[in-house]
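Subject: Structure for your review

Dear colleague,

Please find below the structure that I am handing over to you. My findings follow directly after it.

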Amino acid sequence: MTPQTLAKIAAARERVAKSKYIVAFTGAGISAESGLDTFRGDDGLWNGVRPEDLATQSAFRRDPKKVWSWYNWRRAMVAEAKPNPGHLALAAAEKSWPRVTIITQNVDRLHQVAGSSDVIELHGNIHESRCTKCGLVHDNTGEILDDEPVCDDCGKLLRPNIVWFGENLPHEALARAWTETANADIFLIVGTSGVVQPAAGLVHDAKRAGAFAIEVNLDMTGYFGVADISIYAPAGEVLPLLFGGK
Ligand code: OAD
């Protein structure tokens, strides 16, 4: 890391050390060092694939097998993935700070596996499925699903329990995310391009409510100038430095 980056980490660390309530808002970038692809960028999941062919209700109605086989492929990769030092640093911070909440756009459950106890999932969870008829949510962690799985309860087609384009976020999760964002004194933005609403807007809500915002990303994003400090380096290296040794 450059001296400039280390100086920004030191400045951020001073603010973090004094804080009472840290809210971390995370995206696919925090899981990149666990071997999971992000969505945008050259190697992203949406590169060469049209999201509307895979992650919308109409795509699923048109071809549920195609959608399920894509999600099953991703489920297999997530099943292999382990939390990295970024997830682990956030989980360990619970021991030294009064409150830490994670608001994540990720569906991989790696924050929970790392040991974080308060995780708000805004975009659902890839381990779960939901019945298209009765709405029952099934936890399929560790199970191999076929390409047209059906509900144990009513026998109708299951869908991934993921928020697709054009769908609302789960009401309860979004309401909690707004509440916790308004209470945070540190709002940490990690590994997200910040282009998917309404999640991306939480950063502006946090700033309006008076939080100190720290961004960690490999590259510059639209949060440049919105965040009080932007640190451009891998989350798995920065987060242990922000939280370690307290
Ligand atoms: P994106 O793929 O849009 O952005 C990932 C961000 O992580 C980029 O800004 C990268 O520069 C950054 N990044 C990559 N590796 C990193 C690392 N090691 N350390 C720090 N930063 C790193 O992913 P999201 O912002 O999460 O929605 O995308 C938001 C939503 O769009 C996703 O939840 C998904 C997608 O469509 C659904 O599936 C509902």
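In this predicted model, isoleucine 231 of strand S9 is the bridge partner of valine 216. Strand S9 comprises residues 229–232, and its pairing with S8 is parallel, over 4 bridges. Valine 216 also stands opposite valine 190. That residue brings in strand S7 (residues 186–190), which pairs with S8 in the parallel sense over 5 bridges.

Strand S8 itself spans residues 212–217 and is mostly covered, with 6 of its 6 residues buried. In a regular strand, side chains alternate between the two faces of the sheet. In S8, Phe212, Ile214 and Val216 point one way, while Ala213, Glu215 and Asn217 point the other way; all are buried.

Asn217 leads on to the ligand. Which residues are closest to the ligand? Of the 22 residues that surround it, the closest are Phe39, Arg40, Thr192, Ser193 and Asn217.

- The side chain of serine 193 places an N or O atom 2.5 Å from an oxygen atom of the ligand.
- The side chain of glutamate 33 has an N or O atom 2.7 Å from a nitrogen atom of the ligand.
- Alanine 28 contributes a backbone N or O atom, which lies 2.8 Å from an oxygen atom of the ligand.

The ligand taken alone exposes 800 Å², of which the protein buries 92%.

A further element to note is helix H9, residues 235–243. Its buried residues are Ala235, Gly236, Val238, Leu239, Leu242 and Phe243. Viewed down the axis of H9, these buried residues fall within an arc of 165 degrees, so they line one face of the helix. As background, an α-helix has 3.6 residues a turn, so residues three or four places apart point the same way.

Within H9, glycine 236 has a relative accessible area of 11% and is therefore buried, the cut-off being under 20%. The C-alpha atom of glycine 236 is separated by 13 Å from that of isoleucine 9, although the two residues are 227 residues apart along the chain. Another glycine, residue 245, follows H9, and its phi is positive, near 75 degrees.

Yours sincerely

Key
Residues numbered from 1 in each chain as written. Predicted model: local features only at pLDDT ≥ 70, side-chain atom pairs only at ≥ 80, totals over all residues. Heavy atoms only, no water. Buried < 20%, exposed > 50% of the residue type's maximum accessible area, 1.4 Å probe, protein only. Helix = DSSP H or I, 4+ residues; strand = E, 2+ residues; numbered from the N terminus. Arc of directions from axis to C-beta. Pairing = 2+ DSSP bridges. Near = heavy atom within 4 Å. Polar contact = N/O pair within 3.5 Å; in protein donor to acceptor, adjacent residues only side chain to side chain. Areas by Shrake-Rupley, 256 points an atom, 1.4 Å probe, with all protein chains shown as cover.
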